[in-house]
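Here is a short briefing on one model. Please look over the sequence and structure before reading on.

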Amino acid sequence: MMLALGLLLLQSGIEEAYQKGLNHYQQRQYREAAEALAAPAAAAHKDATLLLGQSLYLNGRTPDALPWLEKALEANLKPLETSYMLGNAYIQARQPGQAVKAFARMFAVPPESPAALLLTAQMMLRQEFEEDATKLLERALALNPNLPEARYLLGQTAIFRSQLDRAVELLAKEIEINPNFAMAYYRLGDAYSRREDWDNAIPQLQKAIWLNPNYSGPYILLGKGYLKRKDLGNAEGLLRRALQLDPNNYSAHYLLGQTLVQAGRPEEGRKLMERSQQLRSDR
């Protein structure tokens with residue numbers, strides 16, 4: 001009788017702690033949630049296991065989150081969401097092999113396949129683990145030299161590192177493999193623009209717009225190119241279209257302001273450049 005009562009009280013305390021942790025989690029109080037969920041998770045409360053892993057992950061305690069997320073995945077608790085968090089946690093823990101396995105499971109592709117390596121590299125780049133991503137992309141291309149988007153990601157990384165010749169080479173090859181990919185043309189135009197090579201940049205940016213007319217990036221760069229060439233009418237039209245697509249883009253405001261000043265409309269131009277500074281300071 002006493003044993004049964006003790007077990008009942010213990011179970012009641014575990015459930016109470018779980019509910020407390022759940023409430024903290026729902027209010028995005030992840031540190032408090034993790035503290036409350038520690039006991040229920042240790043007592044093998046299934047839902048607490050997942051919530052504890054998520055709370056620790058979202059509180060930036062990646063090493064502590066890993067074993068609980070692993071247990072949650074083993075128990076098949078929200079497998080897509082858990083695989084995503086676990087994969088990103090492995091990236092932050094510099095365990096690329098484990099990250100590949102997690103994302104392979106998430107996207108239902110074979111582990112160590114070119115697709116799994118590409119997907120994991122994409123996730124790594126979002127977290128600015130460029131060196132690890134580059135290694136995975138090179139491995140993916142060794143397995144499949146015609147893998148779409150691998151050279152695009154490498155080319156994008158090369159641009160950020162100011163390796164413009166390498167970027168041009170990679171992106172041109174990507175377009176050969178994947179000629180319907182608007183972002184490859186945009187980034188190739190971007191690489192040329194950084195060398196002030198507008199003769200080569202402008203055609204690539206135009207192609208990017210023709211393939212995807214609803215993305216502001218190529219309009220902004222193309223507007224900048226026409227501004228550099230003193231073709232103010234085309235520059236204004238392109239930059240206004242960019243602002244229709246992305247009303248809070250500070251670069252588009254600034255370039256349009258410069259264009260209008262040069263076109264003899266200084267008051268309107270200055271207002272746009274002031275707005276650009278405000279938008280930039282708000283970021």
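Is the crossing of α4 and α5 left-handed or right-handed? The crossing of these two helices is left-handed; such a crossing has the near helix turned anticlockwise from the far one by less than a right angle, and a right-handed one has it turned clockwise.

This is a predicted model, in which local features need pLDDT of at least 70, side-chain atom pairs count only at pLDDT 80 or more, and totals for chains, interfaces and linings use all residues. Residues are numbered from 1 along each chain as its sequence is written, and side-chain values use heavy atoms, with hydrogens and water left out.

**Confidence**

- The chain averages a pLDDT (the predictor's confidence in each residue, from 0 to 100) of 92.
- A score of at least 70 is reached by 95% of the residues.

**Helices α4 and α5**

- Helices here are DSSP runs (H or I, at least four residues), numbered from the N terminus.
- α4 covers residues 62-74 and packs with α5 at an angle of about 150°, their axes 9 Å apart.
- Axes are lines fitted to C-alpha atoms, for helices over the stretch in contact, and angles run from 0 to 180 degrees between N-to-C directions.
- On the α4 side, the residues in contact include L66, L69 and L73.
- On the α5 side, they include M85, L86 and Y90.

- A93 lies in the loop between α5 (79-92) and α6 (96-107).
- A93 is partly exposed, at 29% relative accessible area (buried is under 20%, exposed over 50%, partly exposed in between, with a 1.4 Å probe and protein chains only).

**Helix α11**

- α11 (residues 182-194) has 13 residues and reaches 19 Å from its first C-alpha to its last, close to the 18 Å expected at 1.5 Å a residue.
- Eleven of its 13 residues are buried, so α11 is largely enclosed by the rest of the structure.
- Among the buried residues are Y185, Y186, L188 and Y192.
- Their cover includes α9 (150-160), α10 (164-177), α12 (198-211) and α13 (216-228).
- E196 follows α11 and has a positive phi, near 60°.

**Packing of α9 on α11**

- The axes of α9 and α11 come within 10 Å and cross at roughly 25°.
- That makes α9 roughly parallel (under 35 degrees) to α11.
- α9 passes α11 in a left-handed crossing.
- Y152, Q156, I159 and F160 in α9 meet α11 residues including M183, R187 and D190.

Terms used:
The expected span of a helix is 1.5 Å times one less than its number of residues. Contact means heavy atoms within 4.5 Å. Angles under 35 degrees count as roughly parallel, over 145 as roughly antiparallel, 65 to 115 as roughly perpendicular and the rest as oblique.
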